Every structure is written in C-alpha cells, then in structure tokens.
Amino acid sequence: MTAIFSCTQLKKTYAARPLFDDISLSIDNGERIGLIGPNGSGKSTLLRIIAGSDTQDGGTISRRKGLKVGMLEQVPEFAKDETIEQAVNAGIEGAHDWSHISRVHEYMSRLSLDGRSGVRGENRIAALSGGWKKRVALARLLVGNHDLVLLDEPTNHLDVESILWLEEHLAKAPFAIITATHDRLFLQRISNRIWELDRRNPGGLLSIKGDYADYLEAKQSLASEQQQREITLKNTLRRETEWLRRGPKARSTKQYARIKQAGVLKEEVEDLEYRNTAWAAKLDFHSNERNPKKLIETKGIAKSFGDMTLFKDVNLLITPGLRLGLLGANGCGKTTLIKVLTGQEVPTSGTVIRSDQLQIAYFEQNRETLDPNATVADSVCPAGDHVKYLDNYIHIRSYLERFNFSQTQANMEVRRLSGGEQSRLLIARLMLKTANVLILDEPTNDLDMHTLEVLEQCLLEFPGAVILVTHDRYFLDQVANKLLAFGEQCGPNSGRILPFANLEQWERAYLHERAKASPTARTKEKNDRPAESSRRAAKRKLSFNEQFEFDHMEEKIHAAETRLEELRVESSHPDVISNAARLAEIMPEIAELEAKIESMFRRWAELERFLN
C-alpha cells in the first residue's frame, strides 16, 4: 500500500509539558486505525497535527499531494446562529449541485436531522444538546469528499442506535480513518490497526496490525517480555554493583568500560521500571454501612409533554445491589426518568416513594459544575488544604495523586485539562460524597482504558444502587445487571419501556425491529448483493407451522419478558427476601425463563434467515 501521510521524529510540548517525542508513523490508503492511550498523552493534539490545524515542535511531515483531510473534533464548533442545514452544507466544498444537495439530505436523514425526531434543518445549533450537536458535526464531516477522516471520540454523546449506524457506515467507507476513542466494542468492530500513544512505549507509539483483540494479545506479550527483561537486567545490575563495591583491587582487574556499562545498565533498568508500571486510579465510592432495603420505588409512573409520551406504566424497585442501565435514543426520556426518580421532576401520573435515608451522588455528563478558571486543587477542595475521605482527613495533593494528578497539575486551571482528566476530576469530587445511589450520566466519556477498568470494578463492589447511562456498550454490559430500553415517543409503542437481560439480547431485538421498519432497505441490500440474494432464494420456504411460529414469536417473547420482570421485582421485595420458601420457588422460574427467552431469540433468528 502507498502511504498517504507519514511523519518522523514528531515532537510536541504543551505548556512546558512534553506530550510526545520522536514519534514516527505512516497511514496507508483505506486503513482504519484506532488511536488509544492514557488521558493527557496527546491523542487529540496528534490528530490536529495530522489534520494540519496544529503544528509540531519538531520532526518532519509528508502528505500525499492533494490529500483531503476531514476531522471531527471532540467538542465540535459552529458559527454563531448557524442552523443545522447551514452547518451540514458547509461540509461540501465547491458548487452545490443536485448530487451535493441529495448527499446533504441523505446524511441529515440517516442521522435523524430531518424532522422525524423533532429536530429540523432550520433549528439553531446553539439550542441543541451535546448529542445532537455531535450528529450535526458528523453529518457535516461525512458529506465531504475526504481521503482521510479523523474522529476524536465520535461516540461521545451519541446514543447506541447512532453508534450502531456509524459502525456500519465506517466499515464500508472508502476513505482512511483514524479514530481516537475509549469505546472498546467500537474499536473492535471498525479497526484493522491499533496505535497506542504512551511515553512508556518504545518510541512513544505502539502500532499493532489487527483489531482491538489482536492489540490486547500483542500488548500482553510485550508486557511479559519487558517484565522478564527487567528481572534479568536487575539481576545483572545487582552483580555488577556488588563487584564495584569490593574496592579498588577488584575494580582494577576489570576494564573501565565494564564500570561505565554498569551506569548504562542502571538507566535501562529505570526505563523498564517506568514502562512496566501500570498506573490505575484508586477509586472507592463511599456508601452507608447499612442501606435501606428499598431506596426508590415507582408505581405506574408516566411522563408526558403535550402529545409526546416519554414513558408510562413504569413499575420499578431500586434496591442495594441493583445496577440499572438505561438505553435509548437521545431525547427519549432517560434523563427525565432520572429526574423523576430523584424528585427533580414530578411524574404526570403514578407515585414515587423514596427512602428517608436516600442519599444520591450525581455525575453529570457535560461537566457544567466544573469552573474552567478554577485550579484542580480548588475544584476539589475550595477551602483549606485537606479533604475528608472515608472518615479520614487527607491532604489535597495526596488525594489528587489517587487520580494521577501531578503536583504541577494541582495548580493548573481546569480548562487546560484534557476531557478525560476533567472526567477524573469529577469522579474525585464525587467520591467525597456519601451516597447509597450513584447516578452516572455518561461517566465513560474520554476516560482511558485503565480508569474504565477500575471504575467498572468499583461500581460492581459498591454496596448501594447504581443508575447508569452510557454509550459505552462494553462498560454497560460489564456493570449493569438490568437494562431498561426506551421505545418511541409517538405511535403505537409510545412510552413503552422494555427490560432486557443483557446488551446482546437488546441488540438482536433492536436490529430485528429496524429490519421490519425498513423493508426498502432490505430490498436495496439484496439488489446490491445479487449473489447473496440468489443464494438465499435457493433456501426452502417456511412451512405453515413455521410461519405461524415466526408470526407469533415476538408476542411470546414479550409475554415471557414481562413475566420475567414481574418475578424479578417480586424477588426484590423485602417480604419475599425474608421468605425462603417463596424465594426457592421464584429463582428456578427466573432461571428457566431466562433460558427460554434466549432459546426463543435463537429460534427467531433461525426462522428469519429463511425470510431474508
């Protein structure tokens, strides 16, 4: 393959802080590169340098003549008072002929900017939420004719449905792609090469050909090799040091070069120790030792705005140990449900019962409570120099070290932190609160892999309840033990919220619903792949009984899931928890229903293959 971009010995320093040094890389046509690394390692800066919107402090850059590069910024910017349609049109260079106009309307439709979700082309961008702004920025980028597309945290603020569409689109895209993201499932599905930007890597950049799973295997192998070499060199250094300490007589029998080599060996050991040290945040949310059995209970709650119903008939019992994940499109009502649960909003109908001992800690996705001009230390400890954590007083600098903030960064203004560092700062503040319900609204935005892994484990060990909204499907699947998926706001399924056992079950149901709702898309797909269409046509037709089974499968699955949810709610009721005999009846039935639902989904998919 021919490189469309390359650089050698790239160097960049930001505010006297070295981001990377001596970086060399190349990008081939059609490559799909996933860019990962710790927060503050310089991923966004590297993308801007490749895009040409920032300059390097050293090194050489080579671009193919006429290379067209487009970039999605982590926080997109738009002109003042710009409308959605104006912004998307700005993504097209040159004259706007009919093909260009058609392309604009195509991407506005694909990203639900055409009025179907209440967001229209004439709407001002300034009035949109972060998720809708990200969709507009994506549409503006994708209508352009680029050779190389750079995506900085593209899944932040996007709902899961939009992420699924973006995955499919990028998999078929003709241009090269570099995606800086911490969304592990997204990386796995779109990447054929992984770059890890980290000063601890040899040369500062580790490049692994393959997907994210291939990277993990290679990284584990490299780490094992480096740890073994560190052990070997330490043993050698110990022997050399012992010899040097024997005195002048012993040293005179050796060459001077041997003595000098001991110093070089010491430097290499120190370098390996630095590379082999894996930093991870020390997280531990503070909960009451004794939590009430019922934290929040809802009975038939609903919420509507005019003719639009966000949700209805919601019966929910939040108890210690519940890890509730909320799924749904942007604007579907996830945040509204949280506000109703916490008392910030009043339900249109139904009742919400909250424990007198209820204590809530809230992680907001937009970081609006952070003062950009305050220092890191003042953001956590505005008065004095000690914080109270787990009934102990800790100096603010020692506390910040738990979150990998250096002594220099403690006095740095918040606006100079990376997005991931600002998220860590919010978590640092959150951990100072005592709570029995944690509400996390997009907590994974911009966090690096190590912090995500520690946060996962911390939430699993938290003795209270967790309500989680996140676009990171891997994180959601690891943490949540119950999912609620929001349906449409209008039509026959208005306000419907369905429970799911796991993300895989939801994705199968979602893809099936989308296929049913878009028969023209299936027809187009068949026409685009005549060989695949002929092969499927050769398959046998469903028998009468099979067709009957298929037609009623969704109804049977819904009935089984409804019964499963009823049993789960009952099993969480305090009267049942203390009734061993009833629990002994319920738990086997729950297990049987879960297995039955999984079996029905597999059978549904099997029958559906004959119809496509």
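The model is predicted, so local features need pLDDT of at least 70 and side-chain atom pairs count only at pLDDT 80 or more, whereas totals for chains, interfaces and linings use all residues. Residues are numbered from 1 along each chain as its sequence is written, and side-chain values use heavy atoms, with hydrogens and water left out.

**Exercise 1. The chain as a whole**

Task: State how many helices and strands the chain has, and what share of its residues is buried.

Solution: Begin with the secondary structure, where helices (H or I, at least four residues) and strands (E, at least two) are DSSP runs numbered from the N terminus; the chain has 23 helices and 20 strands. Next take burial, for which buried means under 20% relative accessible area, exposed over 50%, and partly exposed in between, with a 1.4 Å probe and protein chains only; of the 612 residues, 47% are buried. Then turn to contacts (heavy atoms within 4.5 Å): among those with a separation of 6 or more, 70% are between residues 24 or more positions apart. Finally, the accessible surface, computed by the Shrake-Rupley method with a 1.4 Å probe and, for residues, with only the protein chains shown as cover, comes to about 30,100 Å², and carbon and sulfur atoms hold 49% of that area.

**Exercise 2. Helix 1 and the residue after it**

Task: Determine which residues of helix 1 are buried, and describe the phi of the residue that follows helix 1.

Solution: Listed by name, the buried residues are K43, S44, T45, L46, L47, I49 and I50. Stepping past the end of helix 1, one comes to G52, whose phi is positive, near 90°.

**Exercise 3. Aromatic rings**

Task: Count the aromatic pairs, and classify the pair of Y212 and Y215 and the pair of F311 and F486.

Solution: The rule takes rings of Phe, Tyr and Trp (its six-membered ring) whose centres lie within 6.5 Å, and it calls planes under 30 degrees apart stacked, over 60 edge-to-face and the rest tilted. By this rule there are 3 aromatic pairs. The ring centres of Y212 and Y215 are 5.5 Å apart and their planes lie at 25°, so this pair is stacked. Both tyrosines belong to helix 7 (residues 212-244), where they are 3 residues apart, about one turn of the helix, and both are buried. An α-helix has 3.6 residues a turn, so residues three or four places apart point the same way.

For F311 and F486, the distance is 6.5 Å centre to centre and the angle between the planes is 80°, an edge-to-face pair. This pair links distant parts of the chain, since F311 is in strand 11 (residues 308-318) and F486 in strand 19 (residues 482-486), 175 residues apart. F311 counts as buried because its relative accessibility is 0%, and F486 counts as buried because its relative accessibility is 8%.

**Exercise 4. A buried asparagine in a loop**

Task: Locate N201, and identify the side chain with which N201 makes a polar contact.

Solution: N201 lies in the loop between strand 8 (193-197) and strand 9 (205-209). With a relative accessible area of 5%, N201 is buried. A polar contact is a pair of N or O atoms within 3.5 Å; within protein, one must be able to donate a hydrogen and the other to accept it, and residues adjacent in sequence count only if both atoms are side-chain atoms. Such a contact, of 3.0 Å, joins the side chains of N201 and E196. Leaving aside neighbours within four places in sequence, N201 is in contact with E196, L206 and K219.
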